[in-house]
Amino acid sequence: MSYGLSARFSRILVTGAAGQVGADLVPVLRAELGAENVIAAGNRTPLPEEMRRGGPCTTIDVTDRQALHDAIRTHRVDAVCHLSTLLSARGEAEPDRAWDVNLVSLKHVLDLGVELSLRQVFWPSSIAVFGPTTPREDTPQRTILEPGTMYGVTKLAGEALCSYYARRHGLDVRSIRYPGLLSYRAFSGGGTTDYAVEIFFAARREGRYTCFVRPDTVLPLLYIDDAIRGTLQLMAADPAALTVRTSYNMGGLAFSAAELAAEVARHVPGFECRYEPDRRQQIAASWPCRIDDSQARRDWGWAPATGLEDLARIMFRGIAGG
Ligand code: AKB
C-alpha cells in the first residue's frame, strides 16, 4: 500500500528511531520512500540490528543544534520526523533532561526547518498535554490544557511552538497527540501507559503481573500499527486540508486495567494480576479516559482498526515470535 508520501518530501531523517514509534515507523517509511531515503538516527539506545542493516543510520545528540544541522545537510534530507523524547514517568525523574530532549531539540528542528527550507517536520505530542482540569470523557480537540507532568509541559509548549512556526514561517509542521501505544516489537519504557505492554510480556513469561495503576484506571490506548498508519496518513495529507497545527487528538481504544487483565487471562489460563499503584497512578488519573478525535477523522481520514480482542491476539502471537 502506498500513502503517496513522495508528493510531500523525498528524503527524511528520523530521530529517536530506536524508540517505540521509530522502530515501527522506519521500516514502513523505507518501504514507502526507498530504504536509501530514510536516515534512522539514534543516540543512547542502540538502533536495532535489522534497522542498521536496512538503510542509512547515524547517531545524533538532538540537543546539539550543530549536530542536527550537519545531519540534515550531510544526508540532504527535505523532511525531519523528530521522535526523540523522554516519556512521562522518566520526565518526572529527570525534568531538566526532559526539557532539553523534548523541547530545546524541537526548537532546533523548527529553526533548521526554516533555515534549510525543509518541506515537512513531524513531531509527536501526547495525551499528556491534558491534565486534571481537562474533561476526561470524549476530550475535545480544543479544551483546557493544564498538564500535571514535566513531560506534559514540554509537549504543550512544543505544540505551541509548532503552531507558531507554521503561522509565522509557513513551515509545514504536523503533529499527533498519541495515546498509550501497544507494541510487542519495541519497548522504550519510562511511560505511564507501560503497564498495558508489560502485562503481556509478564503473562507469557511468568503467568502473573503486578500492575502499577488501579484496576479501574481507564486510558486511551492504541495498537502501534494503527498509530503508524495514522501517522503516515497525516504526513501524506494535503496541507490545505489540515486545520490543526498544534497537534491532532488521536483516540483508539479505551479500557480499564482490569478489562485488559481479563483479556490477557483468556489467553493465559491461571493468569493472576495484582495491583500495587505507585506514583504513576497519579499521572494516569490526570489523563483522559476517552479522546474525541473527530477532527483528525474529518481532516485526514483517521480511523483506528484494531479492537481489544484482536490486539491481545496480535500481542501474544508477536511475543511468541509468530
Ligand atoms: C507515556 O505513558 O508517557 C506515553 C504517553 C501517553 O505519551 N506513553
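Mentor: Right-handed here means that, with the strands pointing away from the viewer, the path from the first strand over the helix to the second runs clockwise. The chain then crosses from S2 through helix H2 (residues 49-54) to S3, and this β-α-β crossover is right-handed. Helices (H or I, at least four residues) and strands (E, at least two) are DSSP runs, numbered from the N terminus.

Before going on, some ground rules. This is a predicted model, where local features need pLDDT of at least 70, side-chain atom pairs count only at pLDDT 80 or more, and totals for chains, interfaces and linings use all residues. Residues are numbered from 1 along each chain as its sequence is written, and side-chain values use heavy atoms, with hydrogens and water left out.

Now look at S2 from both sides. Strand S1 (residues 12-15) pairs with S2 in the parallel sense over three bridges, where pairing takes at least two DSSP bridges between the strands. Leu13 has Ile39 in S2 as its bridge partner. S2 also pairs with strand S3 (residues 57-59), again parallel and over three bridges, and there Ala41 has Thr58 in S3 as its bridge partner.

As for cover, five of the five residues of S2 (residues 38-42) are buried, meaning under 20% relative accessible area, against over 50% for exposed and partly exposed in between (1.4 Å probe, protein chains only). Val38, Ala40 and Gly42 point one way from the strand, while Ile39 and Ala41 point the other way.

Cys273 is in no disulfide either, with the nearest cysteine sulfur, that of Cys211, 5.1 Å away.

Further along, three strands form an open sheet in the order S7-S9-S11, with mixed pairing. Strand S7 (180-182) and strand S11 (253-256) stand at the edges, each with a single partner strand, so one side of each has no neighbour in the sheet. S7 and strand S9 (residues 218-223) run parallel, joined by three bridges, and Leu181 has Leu222 in S9 as its bridge partner.

Methods:
A disulfide is a pair of cysteine sulfur atoms within 2.5 Å.
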